[in-house]
Amino acid sequence: MEKKQIPAELYGQALDYFGSQAATESWFMTENIELGLVTPASLCRSAKGTEQVNELLKKLESGV
């Protein structure tokens, strides 16, 4: 996984939510229906995409 394209703060937030590095990396590398069937990691290549990933992670954290 190319962690360099994922902002450290966002990766840390996901790690806190998923609880392990393996689960976090799997989530970033798995196509997500909420993101239009692209991986969260691929969206982190742009500011707009990073914001989409951040919003989805916030939804997951809040149980929405």
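Asparagine 54 is buried, with a relative accessible area of 15%. The model in which this residue sits is a predicted one. Asparagine 54 belongs to helix 4, which spans residues 47–62. Apart from neighbours within four places in sequence, asparagine 54 is in contact with Leu10 and Gln13. Leu10 and Gln13 are both listed among the buried residues of helix 1.

### The chain as a whole

The chain holds four helices and zero strands. Read from the N terminus, the order of elements is α-α-α-α. The radius of gyration is 10 Å, close to the 11 Å that the globule rule gives for 64 residues, so the chain is as compact as a globular protein of that length. Along the principal axes, the C-alpha atoms fill a box of roughly 25 × 25 × 20 Å.

Of the 64 residues, 34% count as buried. The chain exposes about 4100 Å², and carbon and sulfur atoms supply 53% of this area. Among contacts with a separation of 6 or more, 43% are between residues 24 or more positions apart.

Which residues of helix 1 are buried? They are Leu10, Tyr11, Gln13 and Ala14. These residues lie on the same side of helix 1, because they cover an arc of only 160 degrees around the axis. Ala8, Glu9 and Asp16 are exposed on the other side of helix 1. The buried residues of helix 1, a helix that covers 8–18, pack against helix 2 and helix 4. Just after helix 1 comes glycine 19, with a positive phi of about 85 degrees.

Helix 2 runs over residues 21–29, and its residues Thr24, Trp27 and Phe28 are buried. Their arc around the axis is only 95 degrees, which puts them on the same side of helix 2. An α-helix has 3.6 residues a turn, so residues three or four places apart point the same way. The buried residues of helix 2 pack against helix 1, helix 3 (40–43) and helix 4.

Which elements give two or more residues to the largest nonpolar core? The core has 13 residues, and those with the most contacts inside it are Ile6, Leu10, Trp27, Phe28, Cys44 and Val53. Helix 1, helix 2, helix 3 and helix 4 each give two or more residues to this core.

Side chains of opposite charge can pair when their charged atoms come close. In this chain the count comes to one salt bridge. The partners are glutamate 55 and lysine 58, whose side chains meet at 3.9 Å, N to O. This distance falls within the 4 Å cut-off, and therefore the pair counts as a salt bridge. Both residues lie in helix 4, three residues apart, about one turn of the helix. Glutamate 55 is partly exposed, with a relative accessible area of 36%. Lysine 58 is also partly exposed, at 40%.

### Two loop residues

Serine 46 is found in the loop between helix 3 and helix 4. Is serine 46 buried or partly exposed? At 37% relative accessibility, serine 46 counts as partly exposed. Serine 46 and isoleucine 6 are 40 residues apart in sequence, and their C-alpha atoms are 9.7 Å apart in space. Isoleucine 6 is one of the core residues with the most contacts.

Leucine 37 lies in the loop between helix 2 and helix 3. Its relative accessible area is 53%, and because exposed means over 50%, leucine 37 counts as exposed. Not counting residues up to four places away in sequence, leucine 37 touches Glu31 and Asn32.

The accessibility values given for single residues are collected here.

| Residue | Relative accessible area | Class |
|---|---|---|
| Asparagine 54 | 15% | buried |
| Glutamate 55 | 36% | partly exposed |
| Serine 46 | 37% | partly exposed |
| Lysine 58 | 40% | partly exposed |
| Leucine 37 | 53% | exposed |

How values were computed
Residues are numbered from 1 along each chain as its sequence is written. This is a predicted model: local features need pLDDT of at least 70, side-chain atom pairs count only at pLDDT 80 or more; totals for chains, interfaces and linings use all residues. Side-chain values use heavy atoms; hydrogens and water are left out. Buried means under 20% relative accessible area, exposed over 50%, partly exposed in between (1.4 Å probe, protein chains only). Contact means heavy atoms within 4.5 Å. The arc is that of the directions from the helix axis to the C-beta atoms. A nonpolar core is a set of buried Ala, Val, Leu, Ile, Met, Phe, Trp, Tyr and Cys residues joined through side-chain atoms within 4.5 Å. The radius of gyration is taken over C-alpha atoms; the globule rule is 2.2 Å times the number of residues to the power 0.38. Accessible areas come from the Shrake-Rupley method with a 1.4 Å probe; for residues, only the protein chains shown count as cover.
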